[in-house]
Amino acid sequence: MKNRIEEKLKMVKEKQEKAFITYMTAGLPDMEGCKQLIKAQEEAGTDILELGIPFSDPVADGPVIQAASYKSISRGTNLKNSLELVETVRKEGCDIPIVFMMYFNTILYFGIGNFVNACAKAGVDGLIVPDLPFEEQKQLQDELDKNQQSPILIQLVSPVSKDRIPMLLENARGFVYCVSSMGVTGQAAEFHKDVLNYLTEVKKVSKIPVMMGFGIRTPKDVLPMKEVIDGCIVGSHFINLLEEHQYDVNAAKEYCSSFRKELNDR
Amino acid sequence: MSSAYYGQFGGQYVSESLMNTLKELETAFEEAIQDQSFIEEYHYYLKEYVGRETPLYLAKRLTEKYGPKIYLKREDLNHTGAHKINNVIGQILLAKRMGKTKVIAETGAGQHGVATATGAALFGMECTVYMGSEDIERQHLNVMRMEMLGAKVVSVQSGSNTLKDATNEAIRTWAKKAEDTFYVIGSAVGPHPYPKMVKEFQKIISVEAKRQFLEMEGRLPEVVMACVGGGSNSIGMFADFLEEKEVELIGVEAAGLGIETGKHASAMALGRPGTLHGMKSYLLQDDDGNVQLAHSISAGLDYPGVGPEHAYLKETGRVQYVSITDEEAMDALSELCRMEGIIPAIESAHALAYAFKKAKTMKKEEAILLCLSGRGDKDAHTIEAYFSGKGYLN
């Protein structure tokens, strides 16, 4: 069974390019506006889109994504209508790989089996669950393994993962999400002191593309490690930009297409 | 089953960046509690600094009124006014042993914050306490105490601006600073090994109480009870009685305005298993799986979750969990003040209120052993506002 993430990253690699991934919170500015933003990003050339399912206690997120989550919850966003959003964009012909970034309680409450089936049906391609470390993944992974159309569970690696890296990457699929700095999303671009060494170490072990995330604003931020990584993820900064431009579709498009272009300037 | 679990509850639901930190902590903790010199140092400070052992007091007038003997384990007489300090001493000694120079803590009512600030001052460590902006308003006295003790109090403005959000913020900070910073968790919650560690450092309550009761009565009590928020005084109070199958164990949660109103803090009564703050346990949630706000007049019980071992003890039936409303707790508080000359914390008054109910079903020769987890000085304003609002004063 083909997965949109794996297909897309294969193409990116064939072209010898770097992938550009964005994060935005589902349901902002509202469901319709969010749908337009997803489509606009596909047109702008964003390779993969992370859609944050808002949760009341986003413990792995910094203030920007926290605020976006609370705002989205207050506007009625939940897992059910986020799944419907994906189903709708798929029906309308949008094929951009979509990864849900969400907290484990949201899945647990929905029911793990139900959740996996609903993702497969809607067309969700990947999952990032920041509070579900490798040791706690078995229950979810077993359910994912039952269905060929299941999304891929993306593995996160941190600068202090060290001896855990081979275990984390052994069966990893899609891409490896390398947290560039310690702590939470959206910090200034003061990357961890040994970040280059760390990325090199991950890259050595990884059989799949290595993406760097946390605290990236401009293509220049990743210049020093560009040769090592296969792409990067922009989250908090992208949310700030959307907020500044009142979720204007053209502003999003402009940012994404110029970021991706500059990332791949040789 | 992994040792990180109590049945289906517990675990380590934290980000990858904390997994090595937790492993390091677990190793250090397991080594420390096998090390006689560590245990001796812990007991030294409990005796000389905290003032243990605490008395086991037979509440004579209450006993006369209600029938069975009512014994109070006086944790309110500890330095800083509650059982919280027992655990703080243990965790800070461990932090020191691990070479950490800074401690952080979350606090709701401020008792754990004050205890951590106290421990940090005692051992010369830098201390930062995370507290919801709403709680800072409500518990001004404790904010002042923490600052007097040299701690920095950080106001958390996120989510509901209360304990659960302060805990989130402490976890975020920890994930960034674990290299030199030790996170002192105050309740029997959090990722493994925290629930185990908090139990280990609070079990002194039941070890003492059991011995004291045996000396006085020559047998074990029929009933042992304690209030349950996250569950630290209760797990300490139950620990040494868990294997004594003939002893009935009761945990008392806060029913707030009444379970049926939805404004309560009884995770066991109406919660579903969920994950929050690094653990899987019973949790108050809304229809989307978001965490619901708890309500209780007692800030220390105002928590939407409960420690994972309690969830397990409920599931296995070893402990019975019940709940007491704000009103019942305040009536019991008032009664203890007037009949025994003891002003209890509102938290502890919940256990007391249930003891009075339970007493009616017991025989005169039987006994209830109750953990009076803290003193009520910190609650003076809340108590005044409550009783004046009800017209009890003047």
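Accessible areas here come from the Shrake-Rupley method with a 1.4 Å probe, and for residues only the protein chains shown count as cover. On that basis chain A has an accessible surface of about 10700 Å², and 50% of it belongs to carbon and sulfur atoms.

Before I go on, please keep in mind that this is a predicted model, in which local features need pLDDT of at least 70 and side-chain atom pairs count only at pLDDT 80 or more, whereas totals for chains, interfaces and linings use all residues. Residues are numbered from 1 along each chain as its sequence is written, chains are lettered from A and ligands numbered from 1 in the order in which they are written, and side-chain values use heavy atoms, with hydrogens and water left out.

Let me begin with chain A as a whole. Chain A contains 11 helices and nine strands, where helices (H or I, at least four residues) and strands (E, at least two) are DSSP runs numbered from the N terminus. Its C-alpha atoms fill a box of roughly 40 × 40 × 35 Å along the principal axes. Of its 266 residues, 61% are buried, a word that here means under 20% relative accessible area, with a 1.4 Å probe and protein chains only.

Within that chain, I would like you to look at Ile38(A), which sits in helix 2, residues 31–44. Is Ile38(A) buried or exposed? Ile38(A) is buried, with a relative accessible area of 0%. Setting aside neighbours within four places in sequence, Ile38(A) is in contact (heavy atoms within 4.5 Å) with Met24(A), Leu49(A), Leu51(A), Leu85(A), Val89(A), Cys94(A), Ile96(A) and Ile98(A). In soluble globular proteins, nonpolar side chains tend to be buried together.

That brings me to the nonpolar cores, each a set of buried Ala, Val, Leu, Ile, Met, Phe, Trp, Tyr and Cys residues joined through side-chain atoms within 4.5 Å. The largest has 96 residues, and those touching the most other members are Ile89(B), Leu94(B), Val103(B), Phe182(B) and Tyr194(B). Apart from that core lies another, of 91 residues, with Val157(A), Met225(A), Leu241(A) and Ala252(A) among them.

Finally, in chain B, Ser373(B) lies in the loop between strand 14 (367–372) and helix 16 (380–389), and at 4% relative accessibility Ser373(B) counts as buried. Which residues does Ser373(B) touch, not counting those up to four places away in sequence? They are Glu75(B), Asp76(B), Gly81(B), Ala82(B), His83(B), Cys227(B), Asn233(B) and Ser348(B).

Conventions: Buried < 20%, exposed > 50% of the residue type's maximum accessible area, 1.4 Å probe, protein only.
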